[in-house]
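Hi everyone, thanks for making time. I've got one structure to walk through today, so let me put it on the screen.

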Amino acid sequence: MEDPEKAKESDDEKKSCGKDKPCEGCDGSGKHENGHGNGHSNGNGDDEGIDRGTFMRGAFTTAVVCWGGMTLTPIFMYLAPPKSDGEEKSKVTSLEVCKLEELPKGTGRNFRFGSFPAIVIHTEDGQLHAFKAICTHLGCTVQFRAEKQNIYCACHGGEYDASTGKNIAGPPPKPLPPLKAEIVDGKIIVSRV
Ligand code: FES
């Protein structure tokens with residue numbers, strides 16, 4: 001049978017801490033060795049509630065930032081102008097593309113002009129024209145389309161005039177930048193303008 005005195009002491013202990021089990025260092029007066037008052041949670045969950053609230057705010061902020069990044073990045077990339085094509089870094093000012101006889105009238109040829117793609121066209125009336133082959137819409141490489149005798153961008157259906165490089169259909173907002181094409185000793189030479 002339990003000693004009534006001990007039972008009373010046990011009850012007093014519970015009251016001092018407000019817990020069934022006193023914490024370590026509780027001297028029964030409600031003060032602890034660490035000197036921070038009674039050191040317990042007040043039992044209504046406030047401490048825990050603050051921690052949880054802080055955590056939830058942090059998680060929400062992180063989620064919003066991640067969502068914003070994932071949503072806005074593709075939109076920004078779509079709207080942003082095409083990246084630099086590296087022209088500034090290219091040292092090439094002139095190069096031989098091929099022999100004239102290798103580019104019959106009514107055909108075109110893609111080639112690299114240093115760091116960027118270019119195109120030269122031999123029109124049906126015997127003219128030579130060359131342009132940077134980078135679509136002014138979103139930067140895809142354009143190609144000559146023999147059946148329509150124009151320059152075509154397969155990405156979104158952009159079209160350019162083969163003689164002037166002018167944008168004539170589809171989304172491209174401006175003409176293709178021109179290059180200079182000439183015949184030297186039977187060879188097609190393309191240079192910067
Ligand atoms: S990238 Fe050429 S039409 Fe869009």
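I'll go through a sheet, then one of its strands, then a glycine in a loop. Keep in mind that this is a predicted model.

Okay, the sheet. We have six strands in an open sheet, ordered β1-β10-β9-β4-β3-β2, and the pairing is antiparallel. The edges are β1 and β2 (107–113), and each has a single partner strand, so one side of each has no neighbour in the sheet. If you compare neighbouring strands, ignoring direction, they're turned by 25° against each other on average.

Now let's zoom in on β10. On one flank, β1 (residues 94–99) runs antiparallel to β10, with five bridges joining the two. Within that pair, Lys99 sits opposite Lys187. Then there's β9 (residues 178–184), which also pairs with β10 in the antiparallel sense, over five bridges. Ile188 is the bridge partner of Ile183, and Glu182 stands opposite Ile189. β9 and β10 make a hairpin with two residues between them, and Asp185 in that turn has a positive phi of about 55°.

Last stop: Gly139. You'll find Gly139 in the loop between β4 (128–132) and β5 (143–145). Gly139 counts as partly exposed because 14 other C-beta atoms lie within 10 Å. Pro172 is 33 residues away from Gly139 in sequence, yet their C-alpha atoms are 9.6 Å apart in space.

Key
Residues are numbered from 1 along each chain as its sequence is written. This is a predicted model: local features need pLDDT of at least 70, side-chain atom pairs count only at pLDDT 80 or more; totals for chains, interfaces and linings use all residues. Helices (H or I, at least four residues) and strands (E, at least two) are DSSP runs, numbered from the N terminus. A residue is buried if 20 or more other C-beta atoms lie within 10 Å of its own, exposed if 12 or fewer, and partly exposed in between; C-beta atoms are placed from the backbone. Two strands pair if DSSP finds at least two bridges between them. Axes are lines fitted to C-alpha atoms, for helices over the stretch in contact, and angles run from 0 to 180 degrees between N-to-C directions.
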